Amino acid sequence: MIINGSEYRSVWWEHGRLQAIDQNKLPFEFAIAAFTDFQTVAEAIRNMTVRGAPAIGAAGAFGLALAAQSAPDDKFRTHLRKAHDVLIAARPTAVDLVNGVNYVYEQTLKFIPDYVHARQVAVLAANEFANRSSEDCRQLGLAGNAIIPNQARILTHCNAGALATVDWGTALGVIRTAHRKGKELFVYVSETRPRFQGSRLTAFELEQEGIPHAIIADSAAGYYFWKKEIDLVITGADRVCLNGDIANKIGTYEKAVLAKEHKIPFYIAAPLSTFDFGCTRGSEIPIEFRADEELKSVGGVPVANPASPVLNPSFDITPAGFITGIITRKGVFPPREAAQKVQG
Ligand code: MRU
């Protein structure tokens, strides 16, 4: 992605460290955080310095590579297993995290007892996972471009851009591709309470890319459907199940219901790392609940009755019946066929 004229990935390996754009500081400050151990990588995933399903998948992969560098030969396997478990536990909903950490874990263990080689392989495997993820997004951008009409007015939710992936983006990857192919677009960006990934990050990426857009309150989506000003919806996903049910940022399901009611196509864009071939349906997906504080204050300023309890699910499930198609690197498929098609 281009930020202030320079090319970046959201996470990358450099000089034996993991580097990441600090997403908690954007758009007000552009800062790069560096990590030298798996514990701080896990913490950065938990506190959302790095966030977005494919991005945390790659961060987890690099986190395990860091663990391999510091693991002593005589405790290599137990150290790696501990790091694996800590990283995977950092956030529960996005399966990319499990896939990224598992990939590096499995590749690295193959080389034991050649520990020197195992450490090198851990870094190579993490880079391979990240490169594949980035390429996957570019390919799905091209596939998704086919379903974007010129002059489309598109609603997206949360941030499914280059920041949320290794590069390019999923939902925003499709939008970016269509824009670069010369299509005129307008993007409605729902703010995405409580952490504002839409109004902070998606709006930032669209502005950097020069794509016309406007931020709307989450609750304004219905108004724009009613006004017939939305032609299609595209979001990313944190997990895609075998039956085509998906998990994505809280508020996605209500956009899908609105789209169906208004007979507007609703698309999900997802790389291979977001498919969970062991998950038969959406009800099996673990939903992350986050801290009360996220709802009770904004930028440190209290906005809620202090004594009231809070319910703060971070994701919801959109059943396959509400999804027009899942955009993947191999094409755009009906939700119930997508897992089979990407695997084959
Ligand atoms: O809690 P977040 O910000 O990590 O949630 C991210 C999302 O829900 C994205 O829409 C999803 O990861 C798809 S990103 C390509």
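Domain bounds here come from an automatic or database domain assignment, and the model you are looking at is predicted. With that in hand, let's work through some exercises.

**Exercise 1. Find out which domains supply the shell around the ligand.**

Step 1. Take the two domains in turn: domain 1 covers 2-138 and domain 2 covers 144-343.
Step 2. Check what each one gives: the shell draws at least three residues from each of these domains.
Step 3. Now look at secondary structure. The elements that give two or more residues to the shell around the ligand are α2 (53-70) and β11 (246-249).

**Exercise 2. Describe the residues around the ligand by number and kind.**

Step 1. Count the shell: there are 19 residues around the ligand.
Step 2. Pick out the ones that come nearest: Arg51, Arg91, Gln197, Asn248 and Lys249.

**Exercise 3. Locate polar contacts of the ligand, using a cut-off of 3.5 Å between N or O atoms.**

Step 1. An N or O atom of the glycine 52 backbone is 3.0 Å from a ligand oxygen atom, and for a backbone N or O atom of alanine 53 the distance to an oxygen atom of the ligand is 2.9 Å.
Step 2. Turn to a side chain: asparagine 248 places a polar side-chain atom 2.7 Å from an oxygen atom of the ligand.
Step 3. On its own the ligand has 410 Å² of accessible area, and the protein covers 99% of that.

**Exercise 4. Track down some backbone features in the loops.**

Step 1. Go to the loop between β4 (17-21) and β5 (32-35), where proline 27 lies. The peptide bond from leucine 26 to proline 27 is cis, with omega near 5°.
Step 2. Move on to proline 113, in the loop between α4 (95-109) and α5 (115-145). Isoleucine 112 and proline 113 are joined by a cis peptide bond, with omega about 15°.
Step 3. Finish at threonine 192, in the loop between β7 (185-190) and α7 (197-209). Threonine 192 is not a glycine, yet its phi is positive, at about 70°.

How values were computed:
Residues are numbered from 1 along each chain as its sequence is written. This is a predicted model: local features need pLDDT of at least 70, side-chain atom pairs count only at pLDDT 80 or more; totals for chains, interfaces and linings use all residues. Side-chain values use heavy atoms; hydrogens and water are left out. A residue is near a molecule or strand if one of its heavy atoms lies within 4 Å of it. A polar contact is a pair of N or O atoms within 3.5 Å; within protein, one must be able to donate a hydrogen and the other to accept it, and residues adjacent in sequence count only if both atoms are side-chain atoms. Accessible areas come from the Shrake-Rupley method with a 1.4 Å probe; for residues, only the protein chains shown count as cover. Helices (H or I, at least four residues) and strands (E, at least two) are DSSP runs, numbered from the N terminus. Ala, Val, Leu, Ile, Met, Phe, Trp, Tyr, Cys and Pro count as nonpolar, Asp, Glu, Lys and Arg as charged, and the others, Gly among them, as polar.
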